[in-house]
Amino acid sequence: MSGIVLDIQNILDLAPTNSVDALEGFDAITSLNELFPDEASLARASEIQEKLHHDVAQIQTEIDSLRAELRKDQEPARMQLIQELIAELLAQMSRIREKATESEAIVRDITKDIQILDLAKRNLALSVTALKRFQMLVNALGQLESMVKEKQYKEIAQTLGAVKEISLFFKPYSSVERISIATRRLQELQGSVRASVERDFDDFFLQDPSRPIKQSTISEACLVVDVLGDDVRNAILDRYASLELKEYRRIFRNTDEAGQLDNLARRFAYFRRVLQAHDTERARAFPQHWKVGEHLTACFASATRGDLVVGLDAAAEKASALGGGPKKGLAIGSLSRKVEEPENKAGVPVLTVSLLVESLAQTREFESAMAKKFSVSFKELVERVPLPGGTGQTLSSAFGKHMSVFVDAQDKLISDLVASHRGPNARSSLDASTASPDPDTPVPTLLPSSTELFFAIGTGMDECLKLGGEGVMKLMCAMYKKWLKVYAEDVLIVGTKRSGQDRKSIETRFNPSEIQKLCLVLNTADYCQTTAGQLEEKIKDKITEEEGQGEEGEFSMAEEQELFVSVISTCLNLLLRELDSTVDQSFQTLLKSNWGAIETVTGPSIWVEELGTATASVSQVIHDKIEPKKYVRSFCDRASNALVTRFTNALVKSRPIKGLGGEQLLLDLQSFKSSLLKIPGSGTSAESMYARNVTKNISRLETLLKVIITPIDPPDAFVLNYILLIGDSSFSNFQKVLDLKGTPKAEQNTLLDTLLTITSTRTELASESFLTTLDMDPGSTSASGTTEADAPRTTEPRREVFSDLRKFVSFTMRRERDKTASGT
């Protein structure tokens, strides 16, 4: 043993060097701790030393083998042979490449004539095919020309389609003169056919009595238009839509009263009549796949949307000019109520909330009706119809940038609702909610303002979803998040703060009214936290896919939910503070008692009976008033730990504890335990987690008191009793017990030596116990500032034998010298 200790001492005394070798980065302390993880491993010191020597010898053998192999591979004759073999391999590859090139040239020369004959055959076949098709093209053009003169649209459609298909074959040969002439002739005939068809369509649209056109003629002309292409068909449909909406544009001009925003319903009614006339009189003349009704609707939407944008901007400008912003002409949620709105000389209305909501509702209703009629969403309808200005947009999208008027109205509504409950009014609002003038009327479990807030939010959201409007949900969600934060901070948190006049005096600490208020705030915060999560899910279910692709967190209520959770935590801390104030007098009595001068033990002390009554009173109110029972369980756990911690601190402060004083405290501790077990209520079993935690904490205090009341004479018996009950070999923990007993310093030294002598042979003892966390100089920690971490607990970290290696080596060497001296 002494040999390995000396080896360790030599390693520790190694002087640092600047050379870069295998020992760079080597940590002797860490390596020794890995070899000797505990005291028991020191008995295997010789075995570990032999293993290390064996590892060194094995590594040296491997190094010698690698060096021999390296010398063999670096032999010059062997390297030269390898280079010659590589050169010969490259030469063979070069010869193979040359022979392959020669073979390819021979094969190409043999098959040259065959390739020429194959090419001639393909060209001949292509020429014959081209001549036959050109003959067919010339004949078809002649037939087509005669058909155009006679306006035989049905035959023209069939022939023209075939001619166009044949002409595609000659597109690569357009430089040939005869083919170029035929192509120009085809283009001229198509132009003639298009002009003739367009004239007939114009006559049909205008219904000129002097030039009547039958619907059958138009139906056949539609077949020709399909052959001419989509651009011709779209031009005809645009012409038709322009003629149908000509009168609409004249009547509903932006400069006239009829074209203003408040006459939007008249626009939709007029177009419905136009669409009905089309369906009744002219729809049968068009093929169904032309979807003329959808084209008319898209053209109407394009024209009307432009007027909407201008009208909304003009109304918003007037509202800004009159009052610095849009006026609130309608309470949100009551669309049926009409209000009078001032107008200027030109008839431009003021953009009020009522006008905006009413106009958007009418627009949404029209879009839904058109979507139902054509069995396609209105957005898809306007986007798939090609218009001269590009693809169209929905009518409701014009309201997007003005939906802030609706959001501002909602914001004002919630602001007025919360104003009477926030800031300086928060406490008075809370007092009014808990004070019932009628004794028979039960006190509410939630603040009425919270239900009013979420009712307003739900009503506004339902109306917003019903109206729609692109991007408005983001604005609404941001506004809701703002007011939820305001409600948490300015209503709930501020409501829990008492003014100086509300604070109780020392003589009357139990305040059931204040506890009820805190429970009410806690219930409300839990309700808000749960409802905010439901609100987030509802918003995410209703938003469109485009809105959902925004920044992550725009619709998340996680931050607001966390804020309400913090309110709950604050309420629990304040409830613990109320409990602390209620039991403070009992603990003051405990602190003032002289536990070293107790002469008789007659029964539980007065202080523990008062403490039981106080804790029962507080816990009863909390059980009755807190609705979410999970927070009742949380309060009970924290309260028991806080009370145990305060009892432990009071025990330390009231030292010394001697004889009958310790026995009195043991008796009081059982009553204290009974009081703690009653906090969760009568339904808690002895096997519950709470009961097990209380039993664990109280048993530690019982163990400590049993050690304290044990006589120190004889010392060996006292130390053995300490080891049996506490189970550690820590000097500092043993010193704490002696300090609590009030043991004189001279006797402490004898006891410490006895402890050292006994524990030096008891290697199975731990170095720590629950006494390690016992604070011998506790501060004034209140229950509200105590957490579960503050309760007595046993921590068992991994024990490192060599945490202070030099002291260990010195101690061992000193022991070796003592043994040597005693042997001699």
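Helices α5 (112–150), α7 (177–206) and α8 (215–228) are among the elements that cover the buried residues of α6, where contact means heavy atoms within 4.5 Å. Those buried residues are Y153, I156, A157, T159, L160, V163 and I166. Buried means under 20% relative accessible area, exposed over 50%, partly exposed in between (1.4 Å probe, protein chains only). Helices are DSSP runs (H or I, at least four residues), numbered from the N terminus.

This is a predicted model: local features need pLDDT of at least 70, side-chain atom pairs count only at pLDDT 80 or more, and totals for chains, interfaces and linings use all residues. Residues are numbered from 1 along each chain as its sequence is written, and side-chain values use heavy atoms, without hydrogens and water.

How does the length of α6 check out? Its 15 residues (153–167) should span 21 Å at 1.5 Å a residue, and the end C-alpha atoms agree at 20 Å apart. The expected span is 1.5 Å times one less than the number of residues.

Now the rings. The structure holds 25 aromatic pairs. Rings of Phe, Tyr and Trp (its six-membered ring) pair if their centres lie within 6.5 Å; planes under 30 degrees apart count as stacked, over 60 as edge-to-face and the rest as tilted. F286 and W290 make a tilted pair, 6.0 Å centre to centre with 35° between the planes. F286 counts as buried at 6% relative accessibility, and W290 does at 4%.

F647 and F672 are stacked: 5.0 Å centre to centre, 20° between the planes. F647 lies in α23 (629–653) and F672 in α24 (660–678), so the pair ties together parts 25 residues apart in sequence.

Definitions and conventions:
Helices (H or I, at least four residues) and strands (E, at least two) are DSSP runs, numbered from the N terminus.
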